[in-house]
Amino acid sequence: MKVVYTDVLVIGGGLAGLRLAIAAKRRGHDALILSLVPPKRSHSKAAQGGMQASLGNVIKGQGDNEDVHFEDTVRGSDWGADQEVVRMFVNTAPKAVRELAAWGVPWSRVRRGDRTVVINGQKVTITERDEAHGLVAQRDFGGTKKWRTCYVSDCTGHAMLQAVGDQAIAASIPVHERTEALALIHDGGRCYGAVVRDLVTGALSAYVAKATAITTGGAGRLYRVTTNAVICEGIGHAIALETGVAALGNMEAVQFHPTGIFPAGILVTEGCRGDGGLLKDADGHRFMPDYEPEKKELASRDVVSRRMEEHIAKGKGVKSRFGEHIWLDITLLGEHHIRHNLREVFEICHYFLGVDPVKEMIPVRPAQHYTMGGVRTKPTGESPTLKGLFSAGEAACWDMHGFNRLGGNSVAETVVAGMIVGEYVADFCDRSENDVSIPTGVVRGFLEREQAKLDRLVHGGGTEDAAAIRARMQEIMTAKVGIFRRGKDLEEAVDELQKLLVRSRSIGLRSRVPGPNPELVIAYRTQKMLKLALTVAYGALTRTESRGAHFREDHPRRNDVQWLKRTLATWKNETDTLPALDYEPLDVRRMELPPGWRGYGAKDYADHPDTAARQAEVDAIKEKHEDRFERQRALMPYAHLLPKRLQGRNERIDERFPPAEPNGTPESEFAWESE
Amino acid sequence: MTTTTIVKAPSTTPAPSATAARSGGVATGTKIRVHALRYNPQEPGSVPRMQTYELEQSEGMTLFIALNEIRETQDPTLQFDFVCRAGICGSCAMMVNGRPTLACRTLTRDVGPDITLAPLPVFELIGDLSVNTGKWMRGTSERLQAWLHGDAKARDINRLEERMEPELAEQLNELDRCVECGCCVASCGTARMRPDFVGAVGMAKIARFRLDPRDKRTDDDYYELVGTDDGVFGCMSLLACHDVCPKDLPLQTQIAFLRRKMAGKGWA
Ligand SMILES: Cc1cc2nc3c(=O)[nH]c(=O)nc-3n(C[C@H](O)[C@H](O)[C@H](O)COP(=O)(O)OP(=O)(O)OC[C@H]3O[C@@H](n4cnc5c(N)ncnc54)[C@H](O)[C@@H]3O)c2cc1C
Ligand code: SF4
Ligand code: SF4
Ligand code: FES
């Protein structure tokens, strides 16, 4: 039995996992990262558009601060987010950008003086301030009041991953590349690591750790059409679910991005619209202002995606041999802008569509894009039910996105959560009561169980075809658990997915080659993915309201009376065909921003009985305080939830700090007083 | 339906066939043949061989689509690496008709109807078309200390970030676009002969940090790292690397520049 010991086992080498490991290592704990692929090939790489942080350097971002970012994020989430976590996030995001700047990310910078931008289809000249020259620039993104999205041309995720990956190498953090966690090792409500498969040799081994973190990214491949990489199969979600102890939160909250290229689903960034690109129909008509007069193309993603599908359903889609689509027109941005600021978009259009976006329009249609749901955690990143299990990034339901995440808030979340949760992981490892004492028999039991499952697939004589089952699952999810959802479709989906799950228990292989055996990989992953697909579909069926990206045609209103709560799914027994669903209410009486209208999309919701009273309370508190920090603290204190070193305020051009004392520690000077 | 023939591995890889045919040589609906190098080091008795798969050219078919179709309908054992399938992550580099390139963004109509696929040379073979570029890249990064060496005194992340000229940020981004795909290394004569040669990718990384004012290392420090035969002095400047880089890194100018700088150091 091969056992590897470490302090912190990080499952996933994307931005979240890398940053979390660095935090733990800096605090003196050994961290070891597992990754299906070399970490710099993780899907964080594909983030093109940028990272939200309220620096407010560009003129169109002037006046931005944590408060504005907070409100945008909560509205975007359709009040599904945990507002305390959102506060932790918005305060840390500017620090994260600045840390990344110090680590080498070549952020695009502000140039003083006049420049021409496209706003609402018009060329407009704006003037950047002298004092902003050389600071990190921001661009416009959907669902935000201010230009807040920091970017590196259109390869932001690439540049971030490069820098954070380099820092992990500098910190000598080992990455076991081409390995896959197949199961969590746990006993008596405590997680002890994972059973891991080597994807070169096919061998299993056990990794035992004080703290285990799931940072495995999204689960887009549950769907046929997705912007996600082929490795985004949600295996991290699934192994947490399979413990029967840890819960997955809000798995029915799935985001569809308006502009996947048609039909391949490869993403072209929201920056296209942020920078002034327009959506047009079969008649060349710009239709978004008809639906969303205020935010137009830049309403939040769930709204834009629905409007596009609605417009296609009205017969206004562009017909092609692969089906119908919409046009994305960025020609008005001009060649220089496209070749410099949207270069990745240019390359994708060129290589995959044979289209020159400088001259031609791009065929697009909404595609699955982001998994809001994930491993439910406390604000510290730890599972409330499985001690020693942490999660961060897209795999987690920390829950700052609720039912819809804003563009640019996700890569920001990965590094911010890595910074915060990494500190709490280190705190956890610091405490001697968390030292690992697990009988080897337990470890052996898990290892043997997983080996037996693989052996059954290879030698069990099953006859079902994994690839076919998976393809059917993806089809069902895309057709019936997609952008528009109906009770009847969802029932059918749940029903058929259950049958597929049962069938997947008799998958057989055609080949028995030693080594990684790609057919075996598809087989065991498909079994896990079906459980996740069921969690999404069943959660969607049960939630009889519309909120954020979850849109029920038969229940089009947001219903705060019954549904202002988070879905928690657990999978109790291996033989079950459905998860157990539980709900965690959100407390309106503690919200800084009580539920209301988002400012875009349908103005149609049923108020929670506590909303009016809380709103009155909030209004009264706001009257009383001039200072925005005091006001915030009176509304919803949260600083105590942040690690001490991340509690400081953020300096801005318009909120300058006094000059630093030569030997002083400015951080402590501006730290929050303890509550 | 499935024609799977075993042919002898060619002793030399054929020249790029139809790389120039941008607008497409192979018509939709016609047959294409993928000749793939097969070898599974994990399987006792496995020997390298070529295997041919025939399939139908479909509209917009890439090698990503073609290889997955082969795996799903003809041969579940075929190994290859795709992650982003969008030309972004650098996972899928392989020899396509003798030329290293990103398979996911290669349209079969441009390189067919006969397409020969082989794993990248130089790198450790995992199986079939899959090689361990990750291990090579990490090793090279460690040897070259290819990370930003900033101020020892950490910056206060609560305060305004350090300023940088917008043009410089753009230049840095230009050199930062490397996706560690390994194409430059696979095309490089020196890398094939010298196992520790840092390749164009290594030199480009050093050039990138050298250009970055946030990195506090001096030319003497860089000389220590690349002023050797495994670095700039091993490079023959034939620039095969420059021609194959899928991200169009300015390898030619960077290598020449670095050589000049380091040669100057050597004489000093
Ligand atoms: C095309 C695209 C563009 C995007 N653009 C933006 C943008 O502009 N702005 C923004 O904010 N967000 C964007 N996003 C979202 C954002 O990129 C992701 O949500 C985020 O990068 C996820 O990071 P992560 O660290 O959580 O996971 P990932 O980067 O996906 O990393 C997951 C890691 O887990 C590993 N792993 C998975 N399963 C296992 C297992 N079982 N065992 C071992 N290792 C495992 C993988 O190897 C990988 O290293 C975009 C997403 C897509 C798909
Ligand atoms: S120029 Fe140098 S690095 Fe590039 S291929 Fe030739 S020897 Fe290799
Ligand atoms: S320099 Fe170019 S060819 Fe070489 S690894 Fe980087 S991206 Fe690939
Ligand atoms: S799969 Fe990512 S570059 Fe080809």
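Of the 268 residues in chain B, 56% are buried, meaning under 20% relative accessible area with a 1.4 Å probe and protein chains only. This is a predicted model, in which local features need pLDDT of at least 70 and side-chain atom pairs count only at pLDDT 80 or more, while totals for chains, interfaces and linings use all residues. Residues are numbered from 1 along each chain as its sequence is written, and side-chain values use heavy atoms, without hydrogens or water.

**Chain B**

- Chain B contains 10 helices and eight strands, taken as DSSP runs (helices H or I, at least four residues; strands E, at least two).
- Contacts are heavy atoms within 4.5 Å; of those in chain B between residues at least 6 apart in sequence, 66% join residues at least 24 apart.

**Interface of chain A and chain B**

- On chain A, 90 residues are in contact with 73 residues of chain B.
- The two chains bury about 6,600 Å² between them, with 52% of it on carbon and sulfur atoms; this is the accessible area (1.4 Å probe) lost on being put together, summed over both.
- Nine salt bridges are found across the interface, each a side-chain nitrogen of Lys or Arg within 4 Å of a carboxyl oxygen of Asp or Glu.
- One salt bridge joins the side chains of E161(B) and R98(A), at 2.9 Å from N to O.

**Chain A side of the interface**

- Elements that each supply at least two residues to the side touching chain B include helix 3 (83-103), helix 4 (156-170) and helix 15 (518-542) of chain A.
- Helix 4 of chain A gives the most to that side, with eight residues.

Definitions and conventions: Chains lettered and ligands numbered in written order. Buried < 20%, exposed > 50% of the residue type's maximum accessible area, 1.4 Å probe, protein only.
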